[in-house]
Number of protein chains: 2
Amino acid sequence: MTMRYLTARLAQQIDEELMNASGAFSIDQLMELAGLACAQTLATVYNREKYPRVLVCCGPGNQGGDGLVAARHLGLFGYTPTVYMPKPGSKDIYKRLETQCRNMSIPILSPSPPADLSPLKQSLSQTDVILDAIFGFSFQPPIRPPFDDVLPLLTQSKLPIVSVDIPSGWNVEKGDEYGAGLQPDVLVSLTAPKLGVKEFKGRHFLGGRFVPKAMEEKLELNLPLYPGFSQIVELPPGDQAQKL
Amino acid sequence: MTMRYLTARLAQQIDEELMNASGAFSIDQLMELAGLACAQTLATVYNREKYPRVLVCCGPGNQGGDGLVAARHLGLFGYTPTVYMPKPGSKDIYKRLETQCRNMSIPILSPSPPADLSPLKQSLSQTDVILDAIFGFSFQPPIRPPFDDVLPLLTQSKLPIVSVDIPSGWNVEKGDEYGAGLQPDVLVSLTAPKLGVKEFKGRHFLGGRFVPKAMEEKLELNLPLYPGFSQIVELPPGDQAQKL
């Protein structure tokens, strides 16, 4: 009974089934739980005394939304997050999540033009850990501007990186096939891990504790057991495919 | 710096400010976090080995929605919840949360007519702990049918009770002034405790870790510090008004 690693297509299908009329979840609910799991993962590995300053890098899609939720929770946990968002998403929920961060007095860097990298460079010099919420499971290459310049800067900073779901720049199913992606220290997979991270060697957590048992069984996900009432579970090193 | 106990009016105002255009929260987000906090409180006090069977009693308003969210999370935590919902809410979110519970295979008791108490009586004989999500901070007496018959049955069951925000039947500002309310063992206040529970003697938790610092300061809520990345904090016994 090994845990199933998802294709991009199956990940998309799960999202759709959770949110269609019979699944009945709203994106607000799922994003709130996903973002909370991301914040809890970061807080589990990087304590706020030693790593108070978190740069939350958000892409324009749903994963950027997870990042905005995580930034808000990190602020509530006592960290001092900054959001870097060179391409703000256009969806209504994205704008509401951005407003929630502003109401929490979280600085938001949204340079104009987006290709202006100086705010990012300056911010990296005042950061302890990066939360990478740039690209998710719907990422399709190539890496578009300004992110083609952003990813190398994040790597060159040598700061610890926590990636959400898929390290940005990786192929969702094949991993870092072009060698252009981030190399995170920590990964938090959402709902179930994707094929591309099967060989990931860092600390690997799972979040998104909202999958109904019937869906899990139908799709043979074989998810690990979450401990107690936690929203995250750490996967065992080396043999992450083994069911816990 | 003592924690502020809220009037019904101030509780209402906080809810409105969080969800208006400048607060930007959706009810889906707040209810998800509130219900999660309720589930975590119950799971903190009543472990699933000894208390697996939870009867989640839901009223027709927003507090019933918190109860439905809590029931779903309790199911994910490994409990076997049952929802008792004699007066289903009419709001769209209430119906979606109900569907989410059904998708988790959580039994829902919604007797017709609502005054038929036999399903409740039978269920109480197979219950280890009650989650009371019947009336919240907008409750106005009198206790309307069928709840005027339901509350005494819950009390007579002598089962442990966890109440959400305000024990059902209590005056939101004056407490159990008519002696007709539940006497819970555990209370989980949401956002900030209400005036009516100032003298509550059981274990008292606070949930709803989503209040922006600026709002907390403007309203002088003086909330206690939540530990780590927890969604709940237990208030000290006896002197709950003291800031932690």
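**How the copies and the sheet fit together**

Modeller: In this predicted model, chain A superposes on chain B by a rotation of 180° with 0.0 Å of shift along the axis, at an RMSD of 0.0 Å. That is the relation of a two-fold axis.

Modeller: As background, local features need pLDDT of at least 70, side-chain atom pairs count only at pLDDT 80 or more, and totals for chains, interfaces and linings use all residues. Residues are numbered from 1 along each chain as its sequence is written, chains are lettered from A and ligands numbered from 1 in the order written, and side-chain values use heavy atoms, leaving out hydrogens and water.

Biologist: How do you know through which surface the copies meet?

Modeller: 100% of the interface residues of chain A are also interface residues in chain B, so the copies meet through the same surface.

Biologist: What makes E3 and E8 of chain B edge strands?

Modeller: The open sheet has 8 strands in the order E3-E2-E1-E4-E5-E6-E7-E8 (chain B), with mixed pairing. Strands E3 (108-109) and E8 (232-234) of chain B each pair on one side only. A strand is a DSSP run (E, at least two residues), and pairing takes at least two DSSP bridges.

Biologist: What makes E4 and E5 of chain B a pair?

Modeller: 3 bridges join strand E4 (residues 129-133) to strand E5 (residues 161-164) of chain B, and the two run parallel. Pairing needs at least two bridges, so they qualify. Asp132(B), for instance, has Ser163(B) as its bridge partner in E5(B).

Definitions and conventions:
Least-squares fit on C-alpha atoms with pLDDT ≥ 70 in both. Contact = heavy atoms within 4.5 Å. Helix = DSSP H or I, 4+ residues; strand = E, 2+ residues; numbered from the N terminus.
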